[in-house]
Amino acid sequence: MRRVTADLIANGLAGATLQRLAAAAGTSGRMLVHHFGSRDALVAQAVARAREDELADMRRALPADADFVGRLPDAWRWFTSPGARGSFRLFGEVAAQARLAQPDDDQGVRRGLSEDWLDQFALGFSACGLDAQEARVAATELLAIVRGLVLDLEATGDLERVTQAYGRLVAHWGHGLGAAAPA
């Protein structure tokens, strides 16, 4: 499962044939179907595993404590790491596919891709002294900006510029909450 998950993070859902995933796992497509039932079931389990891993990594990079805002610069290094960027790409594909397959499913896959992040970020901002409503608004801003900047980075490769933009965001919150801009 780890190898299939790593393949999806590195290469995405597009072209994720049973043959490609079997090669990544070091087995045959027939064995994967025997074990998981179908390619779609295999992909669903691998995406779930990638999601669990991503959330655990995010919680390690940015724990919801009183130094949450102070950790934002280091968290940016994680957000822009190859593994995190691969996860962002993969979950962007998952969200797009869910949108196309279930356009009216507001409680499903797409919502789940945001809620865990918003919850963690809101807890962090609350630990820094914001009330629950303001913490949720700040969490929404942070998530939207991080996703937008990572998407910009993917499109342009301009790490310096997007890091500067992220630094302005950190300075905005850090001004009153005690954070430094990313280096």
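# Close-up views of a predicted all-helix model

Both Trp78 and Trp117 are buried, and these two tryptophans open a set of legends that describe a predicted model.

**View 1. Trp78 and Trp117 form a stacked aromatic pair.** The ring centres of Trp78 and Trp117 are 6.0 Å apart, and the planes of the two rings stand at 20° to each other. Trp78 belongs to helix H5 (residues 68-79) and Trp117 to helix H7 (residues 109-127), so the pair ties together parts of the chain that are 39 residues apart in sequence.

**View 2. Phe79 and Tyr166 form an edge-to-face aromatic pair.** Here the distance from centre to centre is 6.4 Å, with 80° between the planes of Phe79 and Tyr166. The pair links distant parts of the chain, since Phe79 is in helix H5 and Tyr166 is in helix H9 (residues 159-177), 87 residues apart. Phe79 counts as buried because its relative accessibility is 0%, and Tyr166, likewise at 0% relative accessibility, counts as buried as well.

**View 3. One aromatic cluster takes in the residues of both pairs.** The cluster is formed by Phe68, Trp76, Trp78, Phe79, Phe88, Trp117, Phe121, Phe125 and Tyr166. Across the whole structure, a search finds twelve aromatic pairs.

**View 4. Helices H1 and H4 pack at an angle of about 80°.** The axes of H1 (residues 2-11) and H4 (residues 39-61) are 9 Å apart, and the two helices are therefore roughly perpendicular to each other. On the H1 side the contact involves Arg2, Val4, Thr5, Leu8 and Ile9, which meet Leu42, Val43, Ala46, Val47, Arg49, Ala50 and Asp53 of H4. The residues of this contact of H1 with H4 divide into eight nonpolar, one polar and three charged.

View 5. With a relative accessibility of 3%, Thr5 counts as buried.

**View 6. The axes of helices H4 and H5 cross at roughly 145°.** These axes come within 9 Å of each other, and the contact is made by Glu54, Asp57, Met58 and Ala61 of H4 together with Arg71, Ala75 and Trp78 of H5. The residues in the contact of H4 with H5 divide into four nonpolar, no polar and three charged. Trp78, which takes part in this helix contact, is also a member of the stacked pair with Trp117.

**View 7. Arg51 is shown with Phe91 and with Ser114.** The charged end of Arg51 sits over the ring of Phe91, at 5.8 Å from the centre of that ring. Ser114, which lies in helix H7, touches Arg51, Leu143 and Arg147 when residues up to four places away in sequence are not counted. At 18% relative accessibility, Ser114 counts as buried, because the cut-off for this class is under 20%.

**View 8. The protein chain as a whole has nine helices and zero strands.** Read along the sequence, the chain follows the pattern α-α-α-α-α-α-α-α-α, and 38% of its 183 residues count as buried. Among contacts in the protein chain with a separation of 6 or more, 59% are accounted for by residues 24 or more positions apart.

How values were computed. Residues are numbered from 1 along each chain as its sequence is written. This is a predicted model: local features need pLDDT of at least 70, side-chain atom pairs count only at pLDDT 80 or more; totals for chains, interfaces and linings use all residues. Side-chain values use heavy atoms; hydrogens and water are left out. Axes are lines fitted to C-alpha atoms, for helices over the stretch in contact, and angles run from 0 to 180 degrees between N-to-C directions. Helices (H or I, at least four residues) and strands (E, at least two) are DSSP runs, numbered from the N terminus. Angles under 35 degrees count as roughly parallel, over 145 as roughly antiparallel, 65 to 115 as roughly perpendicular and the rest as oblique. Contact means heavy atoms within 4.5 Å. Ala, Val, Leu, Ile, Met, Phe, Trp, Tyr, Cys and Pro count as nonpolar, Asp, Glu, Lys and Arg as charged, and the others, Gly among them, as polar. Rings of Phe, Tyr and Trp (its six-membered ring) pair if their centres lie within 6.5 Å; planes under 30 degrees apart count as stacked, over 60 as edge-to-face and the rest as tilted. Buried means under 20% relative accessible area, exposed over 50%, partly exposed in between (1.4 Å probe, protein chains only). A charge sits over a ring if NZ of Lys or CZ of Arg is within 6 Å of the ring centre and within 35 degrees of the ring normal.
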